[in-house]
There are 2 protein chains.
Amino acid sequence: MSIHSKTSDRTSAYTLQRALRPTENDLSTVRRTLQKADTDTGNSRVEQKERTRQRLIDSALALIGAGSGYNALSLREITREAGLVPAGFYRHFRDLDELGLALVEMGGVTLRRLLREARRDGIPPTDMLRGSVQIYRRFVAERSEVFRFIAGARGGGSRAIRDAIRTEESHFASEMAHDLRTLGTLPELSSATLQMICGLVVTTMLNAASDILDLPEGHTQAERELIENFVRQLRVVFLGAARWRDS
Amino acid sequence: MSIHSKTSDRTSAYTLQRALRPTENDLSTVRRTLQKADTDTGNSRVEQKERTRQRLIDSALALIGAGSGYNALSLREITREAGLVPAGFYRHFRDLDELGLALVEMGGVTLRRLLREARRDGIPPTDMLRGSVQIYRRFVAERSEVFRFIAGARGGGSRAIRDAIRTEESHFASEMAHDLRTLGTLPELSSATLQMICGLVVTTMLNAASDILDLPEGHTQAERELIENFVRQLRVVFLGAARWRDS
DNA sequence: TATTACAGTGAACATATGTTTACTGAAAGT
DNA sequence: ACTTTCAGTAAACATATGTTCACTGTAATA
């Protein structure tokens, strides 16, 4: 594909453009020390390290967002995208799985932010469910790569990652149950039952996210139907929850 | 890893044992023509072809069952397991995705069999939900590779495969809705609503399958809790369904 | 019986991957 | 000022991948 048969990994490493495009400056040895290139904030040693670590994470997310699923991406791809030599990866992560766990944590943070935002805005008075779903839909769209990752790794990724995601889901469900409690929703239910129901809500949410992300671009009608279905499913769940009697 | 540095692909192709194990007959040229080896049933040309095609599919499933997720497996791995040279793959599938679609279809068949069996046994009189879940649990255990594949490819796999799985899920939900209808369950609901609810049930089922498959071996207690949670979630759904009023 | 179709072979191809090793230069610690 | 630490480099490694091509033997066909 490339013109030179002896092109090393670095040739395309600094294009910083989308790869697989014939670049004319293949040989230009303008190798400005990247350390200087991204002098945005602090420059202590640890700050710099943390910054490239974050760059690796972001690159992984970017690649996931750009089509290829989590399990399809490789160490070299990531370092390439991050403007780093492959070996440099090991200064930050033992292997891809460790990077994956960082992504899971980031996913957890995203979910928590979702709850926080929903809390802050307060529940829409008339149709709280539809309102919450709207917030969620926006979140999924805005941080699509994160949800793509979660959707892809929840069933796909390595054992360790699946477990980590499950844990994060469980925490999220707990927090949600707590919110519902303080909000006074479903006051008759035991905490255990509430947790069980929130678990159901969470999986439904994540399934919906996966569906939303696979929507063909622009089809607003299909999206509307999908969202409508999602809202109704949640309504069924809460209807059932309201009628639940702890045995 | 292997003793010979020039080992071709074929060295381990015929071990037929689990790979990665030092075999002593590496050099034994006992290359019995495999065509003769599996003379089980008919031997017409097309039958033979269909048989190795099935062998490829089975090998893929076996590899999935043996740990590595769907997206992690490779053409060469599969042909190795199937006792076939890599190039032979193309006589049966254009690429891995096409094999994947065959797996999806097989998954659909499995799900239909599940419904058929549940229908045949009739719904347990006292606790139909728990009974159905028992049937399901057994199914997941018996055909674990299939469910592993579905769970892994539903969010992970290529676009085409995700879509195919979604279609299969939808069909399954429809069939389930039909069964509920003829069974007289939830007679007041419109077909659309019933379909929506069955969709929710199906995703809940598949999520549960994923959880079941990741259970640490032998922990009967954890499994019991998981199943119990699963049953309760379904109960919530059906409770909600019973209270649903089409607007 | 002679001819054709074609599933499976064997070898080579270009290209990708993860991991190791010794190195360099600048920030941090003394 | 001098030494240590360590993020990032360069190059090589062994190994894996998908895909191609001309081939071979045999079942199907004529």
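In this predicted model, the residues that form the surface near DNA strand C divide into nine nonpolar, seven polar and nine charged. Altogether 25 residues surround DNA strand C, and the closest of them are A:L75, A:R76, A:Y90, B:R91 and B:H92, a group drawn from chain A and chain B. Of the atoms of DNA strand C that come within 4 Å of the protein, 53% belong to sugar and phosphate.

Individual polar contacts to DNA strand C can be followed along chain B. A polar side-chain atom of B:R91, one of the closest residues, lies 2.6 Å from a base oxygen of DNA strand C.

DNA strand D has 25 residues around it, of which A:R45, A:R91, A:H92, B:R76 and B:Y90 come nearest, and sugar and phosphate make up 53% of the atoms of DNA strand D that lie within 4 Å of the protein. The surface near DNA strand D consists of nine nonpolar, seven polar and nine charged residues.

Several side chains approach phosphate oxygens of DNA strand D. From chain B, an N or O atom in the side chain of B:S74 is 2.8 Å from such an oxygen; from chain A, the corresponding distance is 3.2 Å for the side chain of A:T52 and 3.3 Å for that of A:K49. The elements that give two or more residues to the surface near DNA strand D are helix 2 (45-65) of chain A and helix 3 (75-82) of chain B, and helix 2 of chain A contributes the most, with four residues.

For A:F149 the partners can be named: leaving aside residues up to four places away in sequence, A:F149 touches A:L61, A:I64, A:Y70, A:G100, A:L103 and A:V104.

Definitions and conventions:
Residues numbered from 1 in each chain as written. Chains lettered and ligands numbered in written order. Predicted model: local features only at pLDDT ≥ 70, side-chain atom pairs only at ≥ 80, totals over all residues. Heavy atoms only, no water. Contact = heavy atoms within 4.5 Å. Near = heavy atom within 4 Å. Polar contact = N/O pair within 3.5 Å; in protein donor to acceptor, adjacent residues only side chain to side chain. Nonpolar A, V, L, I, M, F, W, Y, C, P; charged D, E, K, R; others polar.
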